[in-house]
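Hi everyone, thanks for making time for this one. I'd like to walk you through a structure, going from the overall layout down to a few side chains. Here it is on the screen.

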Amino acid sequence: MLDKVHTLRKKYPKLDIQVDGSVGICNIKVVTAAGANCIVSGAAMFTITDKPREFLACYKTLAEKGIERLNWFAENAARGN
């Protein structure tokens, strides 16, 4: 899946690319680095931790940092940098 996300991101820098399933705190950086900017996590939040509020805060921070990086690359790709 990561190869497909990476290929899509290179071809379409401004495309919304969603990954759904098996995305947790351990691999969210890899998923956003590949190019996903829409992340779905249900089971990870409820099966990994008994503190979903803390999990969600950490997950959100990691996702936002990865997506900010993607937005920067998309803007520079559009400018030809």
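Before the first number, a quick word on terms: the accessible areas I'll quote come from the Shrake-Rupley method with a 1.4 Å probe. With that in hand, the protein has an accessible surface of about 5,700 Å², and carbon and sulfur atoms make up 57% of that. Please keep in mind that what you see is a predicted model.

Let's take the overall layout. There are four helices and two strands, and reading from the N terminus the order is α-β-α-β-α-α. Along the principal axes, the C-alpha atoms fill a box of roughly 45 × 20 × 15 Å. Of the 81 residues, 28% count as buried. If you look at contacts with a sequence separation of 6 or more, 47% of them join residues 24 or more positions apart.

How many residues are in the largest nonpolar core? The count is 14, and V5, V19, V23 and I28 have the most contacts inside this core. As for who contributes, α2, α3 (43-47) and α4 each bring at least two residues. The largest share is from α4, with four residues.

Let me stay with V19 for a moment. Setting aside neighbours within four places in sequence, V19 touches M1, V5, V31, A36, C38, I39 and V40.

On to helix α4, which spans residues 52-79. Searching for aromatic pairs turns up one. Why does that pair, F55 and Y59, count as stacked? The ring centres are 5.3 Å apart and the planes meet at 20°, and the cut-off for stacking is planes under 30 degrees apart. F55 and Y59 sit four residues apart in α4, about one turn of the helix. Are these two buried or exposed? F55 is buried, because its relative accessibility is 6% and the limit for buried is under 20%. Y59, at 7%, is buried as well.

K60 and E64 form a salt bridge, with the closest N and O atoms 3.9 Å apart. The cut-off for a salt bridge is 4 Å, so this pair qualifies at 3.9 Å. A search of the whole structure finds one salt bridge. E64 has a relative accessible area of 41%, so E64 is partly exposed.

Next, the surface. Which residues form a nonpolar patch there? M1, L2 and V30 do, with about 260 Å² of accessible area together. V30 belongs to helix α2, residues 28-34, and V30 counts as partly exposed at 45% relative accessibility. M1, you'll recall, is also among the contacts of V19.

Last stop: K14. You'll find K14 in the loop between α1 (2-11) and β1 (18-20). Its relative accessible area is 66%, and since anything over 50% counts as exposed, K14 is exposed. Where does K14 stand relative to L70? The two are 56 residues apart along the chain, and their C-alpha atoms are separated by 9.0 Å.

Definitions and conventions
Residues are numbered from 1 along each chain as its sequence is written. This is a predicted model: local features need pLDDT of at least 70, side-chain atom pairs count only at pLDDT 80 or more; totals for chains, interfaces and linings use all residues. Side-chain values use heavy atoms; hydrogens and water are left out. Buried means under 20% relative accessible area, exposed over 50%, partly exposed in between (1.4 Å probe, protein chains only). Patches are made of residues with over 30% relative accessible area and no salt bridge: like charges are joined within 9 Å, nonpolar side chains (Val, Leu, Ile, Met, Phe, Trp, Tyr) within 5 Å. A salt bridge is a side-chain nitrogen of Lys or Arg within 4 Å of a carboxyl oxygen of Asp or Glu. Rings of Phe, Tyr and Trp (its six-membered ring) pair if their centres lie within 6.5 Å; planes under 30 degrees apart count as stacked, over 60 as edge-to-face and the rest as tilted. A nonpolar core is a set of buried Ala, Val, Leu, Ile, Met, Phe, Trp, Tyr and Cys residues joined through side-chain atoms within 4.5 Å. Contact means heavy atoms within 4.5 Å.
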